[in-house]
Amino acid sequence: MLAKTPPMGWNSWNTFGEAINEQVVRDTADAIVEKGLKDAGYEYVVIDDCWSLRQRGADDRIVPDPVKFPSGMKALADYVHSKGLKFGMYSCAGTRTCAGYPGSFDYEFIDAKTFAEWGVDFLKYDFCYKPRLANGPILYNRMGMALKASGREILFSACNWGSDEVEKWIRSIGAHMYRSTGDINDSFNSFKDIAMSQVEKLAYSGPCCFNDIDMLICGMHGKGNVANGGCTDTEYRTHFALWCLFQSPLMIGGDLSKIDDYNLDLLKNKELISINQDPEARPPMRLGHGDRPIFFKHLANNEYVLAFFNFGDRDSWGDVEFYDLGLTVASGYGFRFRDIFTGEETGVVTGHLSTGIKSHDCRIFRGTLVEK
Ligand code: GAL
């Protein structure tokens, strides 16, 4: 069974866009292993759009661009596999990809077979240039079946940006993750708005098919294909914390040969990753509103997370009254929390928890319910 927990890996689009090639993929696979990201759980190395020639070959198959990929896709897949990683590629449900390369419309079965022959383990499937009369559920179901018929186990990553109420049918067509929003760019407002747009829809996300709120921008610092001013390290931490709390797939989008230590450590943060990979995959409850949302989430093994965010421009305070969670003082129970970034313990707290939160920052507490 694929995607029991949110898939983790790297995708070429955010940094490289059209400038993808086999050397970048090899260097990235090397870096994932050497920099400890494989040990942290990152597994899929995914080539996004712009990998092929503009026309199919005489045999109707999509042809990898021989300048960008001189060794061919099979050799590249073999290299990625030799590192103990998995190999991902990209196509589109329409007649062309979003960047104008051949799409899989009407070629789904032959393309799925080709990907399988190359050793592909993951397919991201976009939604541009789709004939107006063809609808999303049919097109994604067709590729879902083509991948199953391909003879290889291939994770199906749908990308229709949340259109056609995707959350309501995407699990039925066999996808393992699904993009639910438009594209992220490297800015605070972009990741904040994307994450907050999905709060009410997280109940549709769970084992075997996760809501994908797009590739990560951690450490991009205003460079690359989705550049838009960049974020501070504090903002990248808030971004990663939201993606982990919402159990989105974690697809790194930065250039791993240049990633700075702060963001590398952030992407390997064990506490956040274990929240992201929690096997029960329960959506968080939202408590605070406006610019200072607070979330409460049940984890496996009787653990809980209380997460405070401050999207405002000023340092601020957050307060949770435990009766808003159904826990009264008369119950005789309280929480024993640990701040996952500082390691600081709260002791047994009853009644409420208040904490300061710096502007654009977050505080994440993890703990258990204990008898006073
Ligand atoms: C968009 C998609 C992006 C990227 C791009 C490639 O539709 O949302 O993540 O794949 O196409 O052209």
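Helix α2 (residues 22-34) and helix α4 (residues 73-82) have axes that come within 10 Å and cross at roughly 10°. Here helices are DSSP runs (H or I, at least four residues), numbered from the N terminus. Axes are lines fitted to C-alpha atoms over the stretch in contact, and angles run from 0 to 180 degrees between N-to-C directions. Angles under 35 degrees count as roughly parallel, so α2 and α4 are roughly parallel to each other.

This is a predicted model: local features need pLDDT of at least 70, side-chain atom pairs count only at pLDDT 80 or more, and totals for chains, interfaces and linings use all residues. Residues are numbered from 1 along each chain, and side-chain values use heavy atoms, without hydrogens and water.

Which residues of α2 meet α4? They are E22, V25, R26, A29 and D30, and their partners in α4 are A75, L76, Y79 and V80 (contact means heavy atoms within 4.5 Å).

Now turn to the ligand. A polar side-chain atom of D48 lies 2.6 Å from a ligand oxygen atom. R179 also places a polar side-chain atom 3.0 Å from an oxygen atom of the ligand. Such a polar contact is a pair of N or O atoms within 3.5 Å. The protein covers 95% of the 310 Å² of accessible area that the ligand has on its own (Shrake-Rupley method, 1.4 Å probe).

Terms used. A polar contact is a pair of N or O atoms within 3.5 Å; within protein, one must be able to donate a hydrogen and the other to accept it, and residues adjacent in sequence count only if both atoms are side-chain atoms. Helices (H or I, at least four residues) and strands (E, at least two) are DSSP runs, numbered from the N terminus. Angles under 35 degrees count as roughly parallel, over 145 as roughly antiparallel, 65 to 115 as roughly perpendicular and the rest as oblique.
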